Amino acid sequence: MIIYNNTSLPIEKKVDQLYACIHKMIGENGFKIDAFTCDALESETLNFTTKGIYHLYGFLETNNEQLPWSIILKVIKPDSEEKDDIKHHNYWRREALLFESNLLDHLSEYIKAPNTYLVEEQNDGTIWLWMERVNGHFAHSKEQFNFIAHRLGMFNAEYLTAKALPDEKWVCKNWLKSWTTSSRMYAPNPEPYIFKLQDEEIKYIWEWFKRLTEEINEKLASLSNLPHVLAHQDLGQKNMILTSNDQLVLIDWQFLSISGIGEDLGKMFGANMSLGIIPTDQYETYRDSLFYSYIKGMRELGWEGDERLARYGYCISTALRSVWEVPQLCSLVAQLESDPTNPKLQERVYQLKQIINIHKAMDHEAESLKD
């Protein structure tokens, strides 16, 4: 067999595993592979617990015809002591345990996950996840994001109307609390210099932010009163694949959690603002259209609850992203005052200010919903 290995992985030693995966993929033993290629997939935003993502592909011969095949290999690794904690939002073994559990095999007809062929522990302490390569495209338009929000509402509503929540210990139970705790730990601390900055808007943002963080435990605790659903919690653009037959396939289930209704939608909205996928001048339009689509999906699945509960979870989940983004903004403003003509800094500072204005508005709305 000819192997074109363009990576440092010892893929030459994994031919038996590759054959086993392809057997699961095509459902038969009578095939032959003469050659295949292994490439590393580039990613600017790999999780701390992901060592690399690779693409294996080639042709197989079966029944006197050649067919293309393709597999994604994800290598996960231990990172820090906190990520060894099963309760941590980024517990490093969670996705491997999820794939071994087959929990996603019966996920939903509205949201799919890639087929998993093999979960393999390695001698170096890493775990290799062999899975289906999903063909499709990423959302770019408001209509595509609304479609995803609608499917997310249907998926969430299933756990309020028909399905029982999973009880596996490794499913995260307090995702947003764990994430905000870690974010506050690693975010820069602008306190020593914040009032030396010349930007008056930043000072007002900082005053609001201090009140937000003083009340953060109360806000997080209030989420426990919401109806709970199964949540993905990592709905950035490139983790949501739209296929040609109108399926929504979600990848990267490392953050799987049981969360309050609306929380997953808040992560989706907030993350895609931060990533620059949602246009700055359309934040308010997306905020409302995504929620409308989400509730429509929930109603279609028979959920008859109070939509203000979902709106509350949506608002709090979005607003609390400020624990990371406000310190980042303050740090960038300080850099901009030293380098005032830097166009990239100017653009990012403007974007973050608009994002945080949305956070503030949704925080205030959440307070009004409590009355």
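Tyrosine 4 has threonine 37, in strand 2, as its bridge partner in this predicted model. The two strands involved, strand 1 and strand 2 (residues 35-40), pair in the parallel sense, with four bridges between them.

This pairing belongs to an open sheet of six strands, whose order is 1-2-3-4-6-5 and whose pairing is mixed. Strand 1 (2-5) and strand 5 (116-121) each have a single partner strand, so they stand at the edges and one side of each is left without a neighbour in the sheet. From one strand to the next, the twist averages 15 degrees.

Helix 1 (residues 15-26) packs on the sheet and touches strand 1, strand 2, strand 3 (50-62), strand 4 (65-76), strand 5 and strand 6 (127-132). The direction of helix 1 makes about 115 degrees with that of strand 4. Helix 2 (residues 94-101) lies across strand 4, strand 5 and strand 6, and runs at about 50 degrees to strand 6.

The side chains give a second view of the fold. In soluble globular proteins, nonpolar side chains tend to be buried together. Here the largest nonpolar core has 90 residues, and the members that touch the most others are Leu107, Leu230, Trp253, Leu265, Met268, Phe269 and Leu290. Beyond its neighbours within four places in sequence, tryptophan 253 contacts Glu95, Leu98, Leu104, Leu107, Ile111, Lys112, Ala113, Pro114 and His232. Another core, of 19 residues, lies apart from the largest one and includes Ile22, Phe31, Cys38 and Tyr54.

Key. Residues are numbered from 1 along each chain as its sequence is written. This is a predicted model: local features need pLDDT of at least 70, side-chain atom pairs count only at pLDDT 80 or more; totals for chains, interfaces and linings use all residues. Side-chain values use heavy atoms; hydrogens and water are left out. A nonpolar core is a set of buried Ala, Val, Leu, Ile, Met, Phe, Trp, Tyr and Cys residues joined through side-chain atoms within 4.5 Å. Buried means under 20% relative accessible area, exposed over 50%, partly exposed in between (1.4 Å probe, protein chains only). Contact means heavy atoms within 4.5 Å. Two strands pair if DSSP finds at least two bridges between them. Axes are lines fitted to C-alpha atoms, for helices over the stretch in contact, and angles run from 0 to 180 degrees between N-to-C directions.
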